[in-house]
Amino acid sequence: MLVVMKNGATEAQVQAVITEIQKMGYRGVSMPGAQRTAVCVIGNQHPVDGSLLLAMEGVKETITVTRPFKLVSRETHPESTVISLGDVKIGGGEPVMMAGPCAVESADQALTIARFLQKCGVKIYRGGAYKPRTSPYSFQGLGIKGLQILDNVREETGLLIVTEATDSENLEAVAKHADIVQIGARNMQNYSLLRLAGRLSKPVLLKRGFAATIDELLMAAEYIITEGNSRVILCERGIRTFSDNTRNTLDLAAIPAIKELSHLPVIVDPSHAAGRRDFVIPLAKGAIAAGADGLIVEVHHDPTHALSDGVQSLYPQQFEQLTHDIARLKSYL
Ligand code: PEP
Ligand code: MN
């Protein structure tokens, strides 16, 4: 249930509603908005009788939330969420570009790519220090050393860093070194990890699982937000279907579908969807045309020798082309 407060309701009235909800055995989460403040009732297994709340000072109305997710839902938070990081706004109307190698391989590799991306106007650098690989014999990432290299990239270029935490053991270290903590597709339903990510003070980039529905993705985001971290960015990165011409099938319809259901920003990863570099640019353009708030793209200066995902990594000149294409495309939208 959502308790909508009257325009001009006082902080004390909002607090009184939260206290009353607690007395009923639930949790009340205040959701300030541009138009009005609302209090979301959390933790009820069954519909709540709102008559007591409706009679309280400052309460305008109570609304039944029809979806299983609450804090991520547009029903409870009609305005789109904008996540600000320094001067970068994610979800603010301008598509945000995150780019970099799949994995941090060495200080030289990371910095060479970062310097190029910085020249292209990129503000957020991606690169995995902990890599969730299908084979245990594949390169697993440099771990702590990779995180230190990312610190150096930030220091040298001013780029913000998004990097993945693959389990609860490396989450704390990742959160210390990252500006945005990535939870990958394989961990989208790792609920204990999601809860821990919900206690971080850093934004979380949550990628859709290969076989997850939109509702499941949103419920996963709910796990993070219900722990107190409301800065969640969702990422469509392709799902597994019968179609085998690409590594995964990019679900472009997920973008408007998520935007209808949720106020959270949605970005798209065309690299892991395509699995081949020649398809990355068309998919990226499709994503922006469909309303994505940004992209996360793999780029490598020497993809033939990349230690992971070289075949889907763009060459620097291709990435530059993509940034021009996106700029042109935006002028039509
Ligand atoms: C990645 O971004 O490097 C990655 C492993 O992505 P995903 O979790 O989408 O497979
Ligand atoms: Mn990758």
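This is a predicted model: local features need pLDDT of at least 70, side-chain atom pairs count only at pLDDT 80 or more; totals for chains, interfaces and linings use all residues.
Colleague: Which residue's side chain meets that of Asp309 in a salt bridge?

Modeller: Arg247, at 3.1 Å from N to O. A salt bridge here is a side-chain nitrogen of Lys or Arg within 4 Å of a carboxyl oxygen of Asp or Glu. The two partners are 62 residues apart, with Asp309 in the loop between strand 14 and helix 11 and Arg247 in the loop between strand 12 and helix 8 (254-261). Helices (H or I, at least four residues) and strands (E, at least two) are DSSP runs, numbered from the N terminus.

Colleague: OK, which residues are the protein donors of the manganese ion?

Modeller: Cys102 (SG), His272 (NE2), Glu298 (OE) and Asp309 (OD), at 2.0 to 2.4 Å from ligand 2. Donors are N, O and S atoms within 2.8 Å of the metal (3.2 Å for Na, K and Ca); water is not among the atoms, so sites may look incomplete.

Colleague: Is Glu298 buried or exposed?

Modeller: Buried, at 0% relative accessible area. Asp309 counts as buried too, at 17%, while Arg247 is partly exposed at 36%. The cut-offs are under 20% for buried, over 50% for exposed and partly exposed in between (1.4 Å probe, protein chains only).

Colleague: Switching topic: which residues of helix 5 are buried?

Modeller: In helix 5 (residues 168-177), Asn170, Leu171, Val174, Ala175 and His177 are. Down the axis they fall within an arc of 160°, so they line one face; the arc is that of the directions from the helix axis to the C-beta atoms. Turned away from that side are the exposed Glu169, Glu172 and Lys176.

Colleague: And which residue forms a salt bridge with Asp179?

Modeller: Arg154, with the closest N and O atoms 3.1 Å apart.

Colleague: How many salt bridges does the structure hold?

Modeller: It has 16. Another is Glu236 with Arg208, at 2.7 Å between the closest N and O atoms. Glu236 is buried at 1%, and Arg208 is buried at 4%.

Notes
Residues are numbered from 1 along each chain as its sequence is written. Chains are lettered from A and ligands numbered from 1 in the order in which they are written. Side-chain values use heavy atoms; hydrogens and water are left out.
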